[in-house]
Amino acid sequence: MTIETPKTSEAIRVGRRVELGYATADDYGQFAKWLSPDGDVAALTGDVSERVTVDTLRADAASGSRFCTMRSLDGERVGMVKFHRVGGQRDTTFEISGAIGSSDLWSRGYGAEGFGLVVEHIFEDLGAHRLQFWVGLFNEPMLQMVMRTRFFVLEGVLRERKFFKGEYHDVAMWSMLRHEYEALFVRGEWEQKPGQDAWFDTASEPKAAARRTLAAYLGRGPDTALSPFTR
C-alpha cells in the first residue's frame with residue numbers, strides 16, 4: 001500500500017501546547033536528523049535499530065506506517081509520532097512510538113500532550129480497539145511519563161530484548177483498550193484506574209475461564225519476568 005506524503009501539514013488535533021498533523025516531505029528530513037546515531041532521540045522511539053534516512057522513512061510509510069509531526073502552537077517542530085496497524089489494514093490494534101526531538105524541549109509537557117492527541121486520533125478517528133507501545137528500560141524519561149499519566153496498563157516485560165550502547169536491555173509493553181479509553185477520556189472518570197474488572201467481567205466464558213486459570217497460576221507466586229521488580 002502506497003501512502004502519498006502530504007505537501008502541507010494540516011492539524012488533525014490541537015492541544016494547549018502542541019498540534020498534531022500528518023508529516024510532510026519536509027518533516028522527514030528533520031526526523032532523520034533527530035533519529036541519527038548522534039541525535040538525542042535515536043534510542044527513544046522503541047523501534048529504531050539502524051541508521052534512519054529519509055528513504056527508509058518513506059519506505060516505512062509506503063508499507064503502511066503513518067508519521068505525524070508535533071508542532072508548538074507557533075509552528076516549531078518539536079517531535080514526531082509513528083503508528084501502524086499491527087495486523088494489516090483491517091486490524092483494530094495499533095502500535096505507536098515517538099519522541100520529542102531535542103533534549104532541550106524535554107520536560108515541558110509537549111510529549112505528554114502530543115501522546116494524548118495521537119491516542120485520541122487513533123481511537124476516535126481510526127476506530128482502534130487496542131493501542132500498544134514499547135518502552136525500553138533504558139528510556140527513563142518515557143518510563144516516567146507513562147507511569148505519571150496512569151492511563152496505560154503494564155502488560156509485561158520482554159527480558160533483554162533490545163541491544164543499546166553495548167548492553168542488552170529489557171523492554172516493557174504497555175496498552176490501552178477501548179473501554180479504558182472511553183472511561184478515562186470520554187466519560188471523564190479520571191480518578192479510576194483502567195477497568196481491569198470490566199476486562200474480566202465482559203469476557204465470554206471460555207475467555208474468562210482461561211483468565212481465571214492464569215490468575216490462579218500467578219496467585220501461586222511463580223517466577224515471571226516481573227518478579228525481579230516486585231521482590
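**Inside the core**

Modeller: Buried residues make up 40% of the 231 residues in the protein. Buried means under 20% relative accessible area, with a 1.4 Å probe and protein chains only. This is a predicted model: local features need pLDDT of at least 70, side-chain atom pairs count only at pLDDT 80 or more, and totals for chains, interfaces and linings use all residues. Residues are numbered from 1 along each chain as its sequence is written, and side-chain values use heavy atoms, with hydrogens and water left out.

Now the core itself. A nonpolar core is a set of buried Ala, Val, Leu, Ile, Met, Phe, Trp, Tyr and Cys residues joined through side-chain atoms within 4.5 Å. The largest one has 34 residues. Phe83, Ile96, Ile122, Phe133, Phe152, Trp174 and Met176 touch the most other members. Helix H3 (residues 110–124) gives the largest share of this core, seven residues. Helices here are DSSP runs of H or I, at least four residues long, and strands are runs of E, at least two, numbered from the N terminus. The protein has eight helices and eight strands.

Take Ile122. Neighbours within four places in sequence are set aside. Ile122 is then in contact (heavy atoms within 4.5 Å) with Phe83, Phe94, Ile96, Gly127, Ala128 and Leu131. Another core lies apart from the largest one. This other core has 11 residues, among them Tyr28, Ala32, Leu35 and Phe67.

Now the whole protein. Among contacts between residues at least 6 apart in sequence, 57% join residues at least 24 apart.

Definitions and conventions. Buried < 20%, exposed > 50% of the residue type's maximum accessible area, 1.4 Å probe, protein only.
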